[in-house]
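Try each task before you read its solution.

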Amino acid sequence: MAIEKMQMLSLSFDKAHLDDVLDKVKDEKHFYPQRARSIVNNVKGVVTIEADTKIKQQLDQVEALAKAINLDLTNASAYELEGEYVEKTLGDIAEKINKVAHNKDELVKEKEEDEDAYHLLDGMSHTSLNLEELMNCKYLKTRIGRIRKRNEDKLDYYKSEMCMFLKLGESRKHIYCLYVSTNGHHLMVDNVFSSMGFKDVEIPDFVHGTIDEAKDQLKEQIEGMEKYIKKADEKLSTIRELHSEELRKIYGYLAHTQAIEDNKSFVVDYSSKYAVYGFIPERYVGEMESDFPAGEVEFKTYPADIYEDRGIVAPTLTYNSAIVKPFEGIAKVKQEDHVDMSAAFAALYLLVFFLLVGDIGVGALLLVLGLLMHKKKNGPLFAELGVASLLGGLLYGTCFYQNLYTLINFEDPIHRIINAIILIIIGTYCLNTVKVIYNEKSMADKVFSMKGIVGIIMVLVIGASLLISFDFGLAFHFVPLIVVLVIGVILIMAKNAVKKKNV
């Protein structure tokens with residue numbers, strides 16, 4: 001349980017091996033390549049190389065085409081294809097799909113507009129309003145359209161606005177309505193409705209006659225469009241059956257190639273050779289070297305801080321067992337730390353939850369919460385604390401701190417919980433202080449500091465006094481406590497005075 005010792009590793013190779021090397025680099029789990037722009041230091045002849053943007057454009061095109069024909073590309077495998085074949089085949093397939101998809105999109109758009117008009121006419125047929133007169137009023141502005149259904153409740157906030165609102169109907173997503181406002185207030189009212197996604201709806205020109213006749217015409221038009229849309233879907237389905245295998249192969253080739261192109265940003269061009277620089281844990285250097293054919297790549301290691309002046313800093317990595325790993329978030333290992341306290345925090349929390357929080361009900365709740373959050377960062381942490389508390393509960397024989405049976409009977413639950421809180425606070429402070437002491441270079445700061453040995457002693461004395469007084473009901477004696485605290489403060493002040501004098 002420690003912080004990984006990192007090294008800077010360089011890979012230099014002939015230009016002919018570029019794709020092969022980058023293909024292997026992208027699959028290295030423990031190698032952290034650095035951007036070439038950070039490595040290059042304005043040396044004449046040393047440059048970076050750029051990725052081929054055409055691959056990304058083709059990849060985006062394939063994804064768009066697959067979406068249009070409802071083709072799943074998730075299981076596409078990498079293939080070796082010729083660039084000319086990809087360009088020609090992709091162009092031919094795109095022409096077929098885009099022609100049908102464009103016509104379908106136009107039909108869908110027109111169908112939605114007709115459906116909006118139908119809902120409005122249906123709502124108007126149930127009112128006595130003369131819409132034509134409203135629209136031609138000299139001092140009033142009338143607008144008909146729709147708002148998003150999820151915004152209906154927001155209308156209550158605008159009841160005091162100078163407008164009249166009438167709901168005409170609704171669909172699954174929209175409320176169809178009209179609102180009327182005075183000329184002096186219509187801009188303010190328009191702005192309010194615009195914030196709720198209001199969209200004007202126009203009655204198509206082909207609609208004539210009474211409202212019922214207009215509804216029939218719209219309904220007939222909508223049904224006709226649905227038939228055409230269905231035919232377009234059938235054509236797209238046929239195209240999918242004919243070209244799905246080709247598109248999957250092309251996607252696999254492009255996705256694989258794009259991954260290599262993305263890694264070109266890590267390549268430094270030394271004119272005669274290429275090189276890639278990156279950080280790697282010291283214990284994985286040999287393993288990575290064995291992944292490349294002998295003689296193809298030249299490896300060289302450097303100290304992790306060799307490019308620190310240019311802002312290239314090695315990542316802080318820890319290696320811990322599965323039990324300890326969830327506590328890395330509590331330990332908060334930082335870049336400048338030289339010690340990982342995750343194991344100590346794991347021991348502290350697990351013991352406290354086992355011995356003090358221990359309860360079958362609480363443990364079960366934490367365990368279920370952890371399992372439900374297993375994909376979240378804190379899920380495994382809750383699960384482990386739940387198991388520890390559950391085992392403690394089996395020892396005490398309590399469920400939500402009600403006795404089920406008695407094996408071991410310590411103090412009452414309230415005492416246990418308070419003790420747990422005190423120990424967590426004291427333990428966290430002491431472990432964080434130990435980390436500071438370990439990182440601190442000055443011996444005076446290690447010892448005579450609130451974040452040093454003196455500080456730990458002072459906190460432990462205060463904590464011990466509180467626990468003894470609380471658990472055993474003994475009278476609290478302030479004199480020994482005050483003596484320890486005064487001596488501690490004097491030592492801390494003396495250290496500060498000495499440091500200022502030396503400065």
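**Exercise 1. Locate Ser-171, decide whether it is buried or exposed, and list what it touches.**

Step 1: Ser-171 sits in the loop that joins strand 6 (163-170) to strand 7 (174-182); strands are DSSP runs of E with at least two residues, helices are runs of H or I with at least four, and both are numbered from the N terminus.
Step 2: its relative accessible area is 18%, so Ser-171 is buried. The classes are buried under 20%, exposed over 50% and partly exposed in between, with a 1.4 Å probe and protein chains only.
Step 3: leaving out residues up to four places away in sequence, Ser-171 touches His-119, Lys-149 and Tyr-176, where contact means heavy atoms within 4.5 Å.

A note on the model before you go on: it is predicted, so local features need pLDDT of at least 70 and side-chain atom pairs count only at pLDDT 80 or more, while totals for chains, interfaces and linings use all residues. Residues are numbered from 1 along each chain as its sequence is written, and side-chain values use heavy atoms, with hydrogens and water left out.

**Exercise 2. Check the span of helix 11, then describe its N-terminal end and its buried side.**

Step 1: The expected span is 1.5 Å times one less than the number of residues.
Step 2: the buried residues are Ile-360, Gly-361, Gly-363, Leu-366 and Gly-370, and they pack against helix 10 (342-357), helix 12 (379-396) and strand 13 (398-399).

**Exercise 3. Work out how helix 10 and helix 12 are arranged.**

Step 1: their axes are 7 Å apart and the packing angle is about 30°. Axes are lines fitted to C-alpha atoms, for helices over the stretch in contact, and angles run from 0 to 180 degrees between N-to-C directions.
Step 2: that angle makes helix 10 roughly parallel to helix 12, given that roughly parallel means under 35 degrees, roughly antiparallel over 145, roughly perpendicular 65 to 115, and oblique the rest.
Step 3: among the residues that meet are Tyr-349 and Phe-353 in helix 10, and Leu-385 and Tyr-396 in helix 12.
Step 4: helix 12 itself has 18 residues and reaches 26 Å from first C-alpha to last, close to the expected 26 Å. Gly-397, with a positive phi near 75°, follows helix 12.

**Exercise 4. Classify the pair formed by helix 4 and helix 7.**

Step 1: the axes of helix 4 (residues 83-124) and helix 7 (residues 211-262) come within 8 Å and cross at roughly 160°.
Step 2: this makes helix 4 roughly antiparallel to helix 7.

**Exercise 5. Which class of accessibility do Ser-271 and Phe-400 fall into, given their positive phi?**

Step 1: most residues other than glycine have a negative phi.
Step 2: Ser-271 has a positive phi of about 70° and lies in the loop between strand 9 (267-269) and strand 10 (273-281). At 53% relative accessibility, Ser-271 is exposed.
Step 3: Phe-400 has a positive phi near 50° and lies in the loop between strand 13 and strand 14 (402-403). With a relative accessible area of 46%, Phe-400 is partly exposed.

Notes: A polar contact is a pair of N or O atoms within 3.5 Å; within protein, one must be able to donate a hydrogen and the other to accept it, and residues adjacent in sequence count only if both atoms are side-chain atoms.
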